[in-house]
Amino acid sequence: SQSALSFERTRSKHAIALRPADDAAARRFLCASTAYFGADACFVCVQLSRGVRPRLWAGRLAHHAVQFAANGPALAGSSGRAVRPYLMLAYMAEVSTLFLRLRSLLRRAAPERAGLIRATSRLLLASFAVTRLLNFPLCTALIWARRDVLRPAILKLHLAFAAAGITLNAGWFVALLRSASREAGSGRRRVAPASEP
């Protein structure tokens, strides 16, 4: 099995890099991830050429374009080893996506399981706070720490992506809080009649 990703400081004042074995594993992961996004982008484009609009097609293409721009420097060029540590950390955000999809699935398949849905919403909020609200500023700090070794264009691009991610995550978290609050209120209304004499 692959060893856990770990960081080591090199002699450079601002250098933080993955150990060689972990760096190779990170590169393979990013190659596979980028290939998946490319395959999905091709699928969407083929469907659109046939007059079929896949679900969330515009958002998927926009997301894949951003991922290509972000992952590209990690897969080719001299900046790859400098980019991979913070990109791998940024991918931790997908942990919260698991709970988001699970909640959506429960809402459709088992709407009567209100307690389970609320519990999933709490897990979603907790994972979102850790892997996005806290994680993205940390990723931004790592990007800035690599400023001496990143090409200026890559530095500016990834700092812009990080700033956009922080802003979007803050807005999404507020929306998730409101959704969880509505679920909690709905649950209280359902149990209230049972407690009446």
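Author: Axes are lines fitted to C-alpha atoms, for helices over the stretch in contact, and angles run from 0 to 180 degrees between N-to-C directions. Helices are DSSP runs (H or I, at least four residues), numbered from the N terminus. The model is predicted: local features need pLDDT of at least 70 and side-chain atom pairs pLDDT 80 or more, while totals for chains, interfaces and linings use all residues. Residues are numbered from 1 along each chain as its sequence is written, and side-chain values use heavy atoms, without hydrogens and water.

Reader: Why are α1 and α3 called roughly perpendicular?

Author: Their axes are 10 Å apart and meet at an angle of about 70°. Angles of 65 to 115 degrees count as roughly perpendicular, and α1 and α3 are therefore described in that way.

Reader: What makes the contact between α1 and α3?

Author: Contact means heavy atoms within 4.5 Å. P20, D23, A26, R27, F29 and L30 of α1 take part, with R81, R84, L87 and M88 of α3. Six of these residues are nonpolar, none polar and four charged.

Reader: Why does L56 count as exposed?

Author: Exposed means over 50% relative accessible area, buried under 20%, and partly exposed in between (1.4 Å probe, protein chains only). L56 has 58% relative accessibility and therefore counts as exposed. L56 lies in the loop between α1 and α2, and has a positive phi of about 55° although it is not a glycine.

How values were computed:
Helix = DSSP H or I, 4+ residues; strand = E, 2+ residues; numbered from the N terminus. Parallel < 35°, antiparallel > 145°, perpendicular 65-115°, else oblique. Nonpolar A, V, L, I, M, F, W, Y, C, P; charged D, E, K, R; others polar.
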